[in-house]
Amino acid sequence: MIIAAVVALYTEELLSAVIALGAVGFGSSGTFLLLRAPDLAITQVVVEVITLVLLIRATMVVGSIKTEGRQRYLPYFLALLAVLFLTTFVFFSFAEMPQFGTPVMERFEDAPSIYYLLRGLDLTGSANQVMSVLLDFRIYDTLGEATVIFTAVLGALTLLRMRGRKQLDGG
Amino acid sequence: MEDNRSLIIKRVSRWMAPFIFLYGVYLALYGHLSPGGGFPGGVVVAAAFILILLARGEPAALSKIPYAVAKELDALGALLFLGVGLAGIGVSGVFFANFIQEFLPGQPLEWFSGGTIIINNVAIAMKVAGSIFLVLYFLSVLRISGEGEVGFSSLEEK
């Protein structure tokens with residue numbers, strides 16, 4: 001995945017950059033599956049396919065543009081500095097973190113997640129605990145998310161329909 | 001430009017689209033029992049229409065899901081989702097209370113369980129299906145109309 005991301009950044013052809021981006025998406029979907037989050041994996045695959053189709057289509061219309069430009073070293077130097085700076089902090093904070101994959105409730109007895117898992121089936125009747133959290137315990141989050149999507153689509157349609165209206169009235 | 005699409009693609013998309021659509025509906029309706037839920041379900045439903053749109057052209061897609069239907073689907077999904085929340089105030093006094101589960105609890109692991117979660121999943125699926133299809137449709141309308149200065153071709157200047 002990291003290799004594909006680097007390829008996507010540094011390749012010359014736009015189309016191969018898009019395809020490398022798709023590889024990143026499918027790789028992250030596989031990672032979700034390995035981390036036992038099938039809900040997330042399904043969403044990631046489907047959204048990735050649609051985004052890839054859209055991007056490839058856009059690339060075909062635009063045509064193959066080769067990126068060009070002078071090599072500048074100051075941004076690389078700054079990026080290297082930032083990476084070094086963050087790595088030192090992350091190194092020390094990783095020592096404090098529990099082992100990867102350990103549930104939070106094993107360290108903190110009163111974590112809310114244990115309550116969701118124990119009482120979720122009684123209180124919501126939903127066998128899929130992801131849904132019981134998304135659509136019952138934490139539904140305000142979902143409401144906000146739905147509002148975000150609605151607003152985003154509204155904005156996209158407002159921008160895109162400026163010339164499209166002629167076709168709409170005909171068909 | 002309608003004729004240069006391959007016959008195989010047109011045929012196969014005609015056979016595949018109903019199954020993709022059904023899988024999306026299944027994901028949304030059984031989201032409370034198995035992995036899935038409203039958002040992936042809605043995107044899969046939209047993908048079925050996008051497949052028709054890409055493989056068989058704009059008129060074929062619009063005959064399956066007219067523009068007005070997609071628009072209303074988007075708005076109705078959002079309204080239904082909000083309506084469930086407001087009905088929670090009316091019945092139980094709390095915004096988004098799961099009132100069906102309180103008064104009419106279903107058997108866990110049966111389809112009728114989870115109360116308002118089913119309705120919310122369907123609402124989100126409607127919303128997402130409508131809106132994602134609309135965005136893709138608008139982008140492809142711009143491409144087909146081919147008017148130079150709008151749409152993707154404006155990217156060329158950058």
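**Close-up 1. Tyr76(A) in helix 4 of chain A****.** In this predicted model, Tyr76(A) is placed in helix 4 of chain A. Tyr76(A) has a relative accessibility of 39% and therefore counts as partly exposed, since that class lies between the limit of under 20% for buried residues and that of over 50% for exposed ones. Tyr76(A) is also one of the residues that make a nonpolar surface patch.

**Close-up 2. The nonpolar surface patch of about 860 Å²****.** The patch is formed by Met1(A), Ile2(A), Val6(A), Leu9(A), Tyr10(A), Tyr73(A) and Tyr76(A). Helix 1 of chain A makes the greatest contribution, with four residues.

**Close-up 3. Thr43(A) and its contacts with chain B****.** Thr43(A) belongs to helix 3 of chain A, which spans residues 38-62. The relative accessible area of Thr43(A) is 16%, so this residue is buried; the cut-off for that class is under 20%. When neighbours within four places in sequence are left aside, Thr43(A) is in contact with Phe39(B) and Pro40(B).

**Close-up 4. Helix 2 of chain B, residues 38-56****.** This helix comprises 19 residues. From its first C-alpha to its last, helix 2 of chain B reaches 27 Å, close to the 27 Å expected at 1.5 Å a residue. Helix 2 of chain B is mostly covered, with 15 of its 19 residues buried. Gly57(B) follows helix 2 of chain B and has a positive phi, near 95 degrees.

How values were computed
Residues are numbered from 1 along each chain as its sequence is written. Chains are lettered from A and ligands numbered from 1 in the order in which they are written. This is a predicted model: local features need pLDDT of at least 70, side-chain atom pairs count only at pLDDT 80 or more; totals for chains, interfaces and linings use all residues. Side-chain values use heavy atoms; hydrogens and water are left out. Patches are made of residues with over 30% relative accessible area and no salt bridge: like charges are joined within 9 Å, nonpolar side chains (Val, Leu, Ile, Met, Phe, Trp, Tyr) within 5 Å. Accessible areas come from the Shrake-Rupley method with a 1.4 Å probe; for residues, only the protein chains shown count as cover. A salt bridge is a side-chain nitrogen of Lys or Arg within 4 Å of a carboxyl oxygen of Asp or Glu. Helices (H or I, at least four residues) and strands (E, at least two) are DSSP runs, numbered from the N terminus. Buried means under 20% relative accessible area, exposed over 50%, partly exposed in between (1.4 Å probe, protein chains only). Contact means heavy atoms within 4.5 Å. The expected span of a helix is 1.5 Å times one less than its number of residues.
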